Amino acid sequence: MAGRVGRAPHTGSLRATGVRWDDGMSDADTAPAGPVLPVRRDLTDGVVLLREPTDDDASAILDGASDPETVRFTRVPSPYSLEMAHGFVRTIRTGWAEGTTCIWAICDAAEPDELLGVIGLHGIDLTGDPGGIAEIGYWMRPAGRGRGLMKRAARLVSLFGVDELGLTRIDWVATVGNDASRHVAESNGYVVEGLLRRRDAPRGVRHDIWIGGLLSEDLPRG
Ligand SMILES: CC(C)(COP(=O)(O)OP(=O)(O)OC[C@H]1O[C@@H](n2cnc3c(N)ncnc32)[C@H](O)[C@@H]1OP(=O)(O)O)[C@@H](O)C(=O)NCCC(=O)NCCS
């Protein structure tokens with residue numbers, strides 16, 4: 001299924017921290033159609049599998065979105081509900097169809113039915129020379145953490161962004177102190193470029209954020 005790239009302005013690092021669950025709560029990312037995206041497909045390196053989330057994943061999404069660390073470090077609505085999880089699955093479909101977001105379920109390749117986490121590229125803007133931009137976001141359920149799966153998933157998604165979408169830059173943003181997220185990003189070539197003081201307040205309390213990014217030539221190959 002081919003998607004289309006919307007003409008939405010870049011909505012990246014200054015608006016989002018991690019996976020943008022608020023995508024599903026508004027029509028902000030359902031921009032007018034533009035150029036066609038590559039065909040949606042699974043990504044794998046044999047250890048981690050990134051696949052399309054389905055309604056069967058709703059309870060796993062609810063579990064992950066309810067985790068305190070995910071609530072602390074992302075914009076997931078809290079409290080979360082099963083209905084929101086089904087809405088998120090629909091939003092993911094729309095994002096691919098409209099070409100504004102590419103979001104995958106993260107699974108152990110040996111257990112492809114169990115969603116362990118979510119990863120995606122948001123705010124995709126393919127305009128510009130030498131290429132477009134987007135923002136990476138991710139979370140992992142506690143059961144999936146510490147197994148190296150997110151580092152692998154971030155690599156696959158970054159490769160997809162650079163090689164298949166032609167992105168020249170992928171933004172990364174995190175709450176200051178989210179060392180696990182920073183490690184995932186830096187191990188894939190992302191560079192932390194600065195700190196914005198009191199820039200974010202997803203739960204009403206202002207805090208500092210790290211901003212960073214990957215240029216296409218930063219991505220480790222081989
Ligand atoms: C950030 C997160 C996605 C990492 O997932 P994960 O499955 O643990 O990631 P991986 O196992 O692939 O890799 C984690 C790496 O960070 C390291 N790490 C974990 N906690 C760390 C910490 N507190 N400080 C420094 N490094 C840390 C691990 O040792 C591992 O590195 P290594 O393989 O070189 O030893 C997960 O902790 C999470 O979902 N957190 C809540 C949501 C979130 O913060 N999302 C990102 C928003 S920007």
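Me: Which residues in H3 do Ala58, Ser59, Ile61, Leu62 and Ala65 in H1 meet?
Reply: This is a predicted model, in which local features need pLDDT of at least 70 and side-chain atom pairs count only at pLDDT 80 or more, while totals for chains, interfaces and linings use all residues. Residues are numbered from 1 along each chain as its sequence is written. Two residues are in contact if their C-beta atoms, placed from the backbone, lie within 7 Å, and helices (H or I, at least four residues) and strands (E, at least two) are DSSP runs, numbered from the N terminus. The partners in H3 are Leu82, Ala85, His86, Phe88 and Val89.

Me: How many residues of the contact of H1 with H3 are nonpolar, polar and charged?
Reply: Ala, Val, Leu, Ile, Met, Phe, Trp, Tyr, Cys and Pro count as nonpolar, Asp, Glu, Lys and Arg as charged, and the others, Gly among them, as polar. Sorted in this way, the contact of H1 with H3 has 8 nonpolar, 2 polar and no charged residues.

Me: Is Leu167 buried or exposed?
Reply: Leu167 is found in strand S6. A residue is buried if 20 or more other C-beta atoms lie within 10 Å of its own, exposed if 12 or fewer, and partly exposed in between, with C-beta atoms placed from the backbone. Because Leu167 has 25 C-beta neighbours inside 10 Å, the residue counts as buried.

Me: Which residues of helix H5 are exposed?
Reply: The buried residues of H5, which spans residues 179–186, are Ser181, Val184 and Ala185. On the other side of H5, the exposed residues are Asp179 and His183.
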